[in-house]
Amino acid sequence: MKCLVTGATGFLGTNLVHELVKKGWQVRAAGFPGSETRYIQDTGVEIVFGDVTDPHEVNEQVRGCDVVFHVAGDTSFWKKNYERQRRINVQGPVNVAEACLRHGVKRMVHTSTVDSIGYNPRGLADENWKEYNYANTGYNYADTKREGEMLVRQYNDRGLETVILHPGSMIGPFDYTLQFGRIFFDLRDGKIPGCPTGGGPFAHVRDVARAHIAAMEKGRPGQGYICAGVNVTYRELFQLMARKVNAKCPRFDIPPKLFVLYGYLEECIANFTGKAPEMNPGQARYMSVKAFYTSAKAERELGYGITPLEQQIDDAFNWYVEQGFL
């Protein structure tokens, strides 16, 4: 069986490619033109380039594939990139789904996020949680992922089996853009003055990659599956990470209003420097709430496993060391 993986050069996509190769899949790995391929180029997969916002390029990527893993997405929180983020996260999935219909693809697994569900301020949220409480907070990533996911779901009634995965924050190997790894550096160098007051779910990226394959093989069409992980506060996370780099965890928590103010300041500075901000108001609001989730449905139906947080951090740290980042 031949599959297409969009976003194959990204953090999750790279891990998914490796897991698929281990299982003997025939893989076409698609990345944005100019993206890093060194971590998949020796796997024997077919590597192609294209922009998910271009219907013609997507059509050629999908051609000849039996199933599609749509992993590509834009996680930016810089306003300068919001227009493109919308095209990638909303129009991109539509382009992929349309190409799937055109070429008779049977099933599409779409990577969303737990953020698209919203959060339960009183406990754990599951797939049936109805209150999307990130609306009007300036968290554009969640807004666009939610909109794209809702459009993908409509294709299930048009003859394309769609399965949605909702990962939490991911930790593990192949994070070469240092989405997570920069926290190690900042803790080591004393650049984190305090801990955000919120928390979230953290999953081993390899567990999430394996869940994608399980979703393709046995996920129920039209269903969504939360692949969250270990629910912890940012203080608990930072404490574990600080120990790995022999650093001290920040003593103080950052009050939400002060954190949001910092986000506005960073955004203002970015307008003058042209460099991406470290934080923005929407991201600060997001990191100031405890957004915890249950993965029970994915565990039950997909065999999703949750690696202990300490092991997640160890695996990530060891990879950064092996690659010379740390």
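Strands β1 (residues 2-6) and β2 run parallel and are joined by 4 bridges, where two strands pair if DSSP finds at least two bridges between them, and helices (H or I, at least four residues) and strands (E, at least two) are DSSP runs numbered from the N terminus. Within this pairing, Cys3 stands opposite Val27 in β2. Strand β2 (residues 26-31) is largely enclosed by the rest of the structure, because 5 of its 6 residues are buried; buried means under 20% relative accessible area, exposed over 50%, and partly exposed in between, with a 1.4 Å probe and protein chains only.

This is a predicted model, in which local features need pLDDT of at least 70 and side-chain atom pairs count only at pLDDT 80 or more, while totals for chains, interfaces and linings use all residues. Residues are numbered from 1 along each chain as its sequence is written, and side-chain values use heavy atoms, with hydrogens and water left out.

The largest nonpolar core has 50 residues, of which Tyr134, Leu237 and Tyr293 touch the most other members; such a core is a set of buried Ala, Val, Leu, Ile, Met, Phe, Trp, Tyr and Cys residues joined through side-chain atoms within 4.5 Å. At least two residues of this core come from each of α4 (140-153), α5 (182-188), α7 (234-244), α8 (256-273), α9 (281-286) and α11 (309-322). Apart from it lies another core of 33 residues, including Val5, Leu165, Ala203 and Ile213. When neighbours within four places in sequence are left aside, Leu237 is in contact (heavy atoms within 4.5 Å) with Ile171, Phe180, Phe202, Val232, Leu309 and Ile313.

The structure also holds 1 cavity of 30 Å³ or more. On a 1 Å grid over the protein atoms alone, a cavity is a set of points where a 1.4 Å probe fits but cannot get out, and a pocket is an open set with protein on both sides within 12 Å along at least five of seven lines, lining residues having an atom within 4 Å of a point.

| Space | Volume | Largest share of lining |
|---|---|---|
| Largest cavity | about 30 Å³ | β10 (residues 199-204), 3 residues |
| Second largest pocket | about 390 Å³ | α4, 4 residues |

Among the residues lining the largest cavity are Asp115, Tyr134, Pro201 and Tyr293. The second largest pocket is lined by 16 residues, and Glu127, Trp129, Lys130, Glu149 and Arg153 lie nearest its centre.

Terms used. Grid points are joined across faces, edges and corners, and a volume is the space filled by probe spheres set on the points.
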